[in-house]
Structure formats: C-alpha cells, structure tokens
Amino acid sequence: MYTDRMTTSERLIESARELLWERGYVGTSPKAIQQRAGAGQGSMYHHFTGKPDLALAAIRRTAEQMRATAEASLSGPGGAYDRVRGYLLRERDVLRGCPIGRLTMDPDVIADPVLRQPVDETLDWLRGRLADVLAEGREGGEFTAGLDPERTASTVVATVQGGYVLARAAESAAPFDSAVEGLLALLTAYRAPDSPSR
C-alpha cells in the first residue's frame, strides 16, 4: 500500500487520511491508523501529540490535495465555461464521496474549531476560485451580465457535494452525473450568444 520511501510520519498521515474518509473521526482509532501504516504506538506519538494532531495533519493534507486537483481544472486551457466544465466532469470516485465534504458531516470535526478550520478554508477557497473563473468569463463576454459569479460558484459547490450524497444514497453515480448535467445546462443558459468558446 505504501512505498518504502515513505517516512513513518507520511505513512501515518496517509493512513489517517484514508481512515477519516472511510470511517470518520470517531471511527478512526489510533490503533487502526498504526496498523494501516505499519507503525507502532511509539512511532505515532513520536511524530504527533495524539489523534487530534495527526487528524489535523491528515485533514490539511486532504485539503491541499483537493485544492491542487481543483486548481488543475480551473487553471487549465479554455474559457471559463470549459474550465468549470472540466472541474465538474473530472474523474472522481463519486461513490466514496468527497473527503472534505464528508468531514462536514462529522460532528467531532465540526465541533472542534481547529479540525474544522482547514475544511472551512478549503470550501471557502473553492467557492472563491470558482467565482473568480466565472467573473473572468462574464467580464470577457463569455457569460451574460445576468450571471452572478459568487452565487453561481456556491451553486457549483453545493451541486457537487449534494451529488455525492445522492450518489452514495443510491449506490450509483447516476444521480451525481445527472446533477452535473443539470448544472451545466443552467450555466449554458448564461452563455453569451457570441461567446468565443460557445
């Protein structure tokens, strides 16, 4: 599962990331993290002060990766519509859900301001980044003046996160795909008739 080149602390962080995604905070015990990482209790407490410290490192790593993945689509080639479309249609494990979005459903993460902070920051960053791309498209004549970048960005994030929930409940990616297709149809309605990328 892990490469020989990974340090013990890296294996612990990756194990915690996976377990938080699968089981949530309460369901992720230090023993389970250690077992998955192939690390002893002493190693864990050498690198981290305890489960909350390790969980914070794991959540931050997940947030960094989510931002990098989103940024790859949102700064890619094409106009604003194409970049948002690329973000929405990128390959993802829909039935596992979003590792950041799932943390918002975890009462222990939400109750702890320190653990919640990277979750809030990441979702705020995503809404802001999407709003910037949409504003760029509106200012460049790709979208009509009626498009509200901030509200539309919130709609994009809500559609993706809600799509994950619907897909998990149905045990099928179809509801997610349908939500994305519907959102793209709504975005298309705001495209200027003479949009360069239409």
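Some ground rules. Numbering starts from 1 along each chain as its sequence is written, and side-chain values use heavy atoms, without hydrogens and water. Because the model is predicted, local features need pLDDT of at least 70 and side-chain atom pairs count only at pLDDT 80 or more, while totals for chains, interfaces and linings use all residues.

I begin with the annotation. An unreviewed UniProt entry places "domain: HTH tetR-type" at residues 6-66; its positions are in the numbering used here, feature names are shortened, and annotations may be inferred rather than shown by experiment. Over residues 6-66 the chain is 77% helix and 0% strand, with the end C-alpha atoms 21 Å apart. Helices (H or I, at least four residues) and strands (E, at least two) are DSSP runs, numbered from the N terminus.

Within that stretch I picked Ser9, in helix α1 (residues 8-23). Is Ser9 buried or exposed? Ser9 has 18% relative accessibility, so it counts as buried; buried is under 20% relative accessible area, exposed over 50%, partly exposed in between, with a 1.4 Å probe and protein chains only. The Ser9 side chain makes a polar contact of 3.2 Å with that of Thr7. A polar contact is a pair of N or O atoms within 3.5 Å; within protein, one must be able to donate a hydrogen and the other to accept it, and residues adjacent in sequence count only if both atoms are side-chain atoms. Beyond four places in sequence, Ser9 is in contact (heavy atoms within 4.5 Å) with His47 and Phe48.

Next, α9, residues 149-170. Its 22 residues should span 32 Å at 1.5 Å a residue, and the end C-alpha atoms are 31 Å apart, which agrees; the expected span is 1.5 Å times one less than the number of residues. At its start, a side-chain oxygen of Asp148 comes within 3.1 Å of the backbone nitrogen of Glu150. The buried residues of α9 include Val156, Val160, Tyr164 and Ala167, and the buried set packs against α5 (80-89), α6 (99-103), α8 (113-139) and α10 (174-189). Just after α9, Glu171 has a positive phi of about 55°.

Ala167 and Glu171 both come up again with Leu95, which touches them along with Arg168, Ser172 and Ala173, leaving out residues up to four places away in sequence. Leu95 sits in the loop between α5 and α6. At 39% relative accessibility, Leu95 counts as partly exposed.
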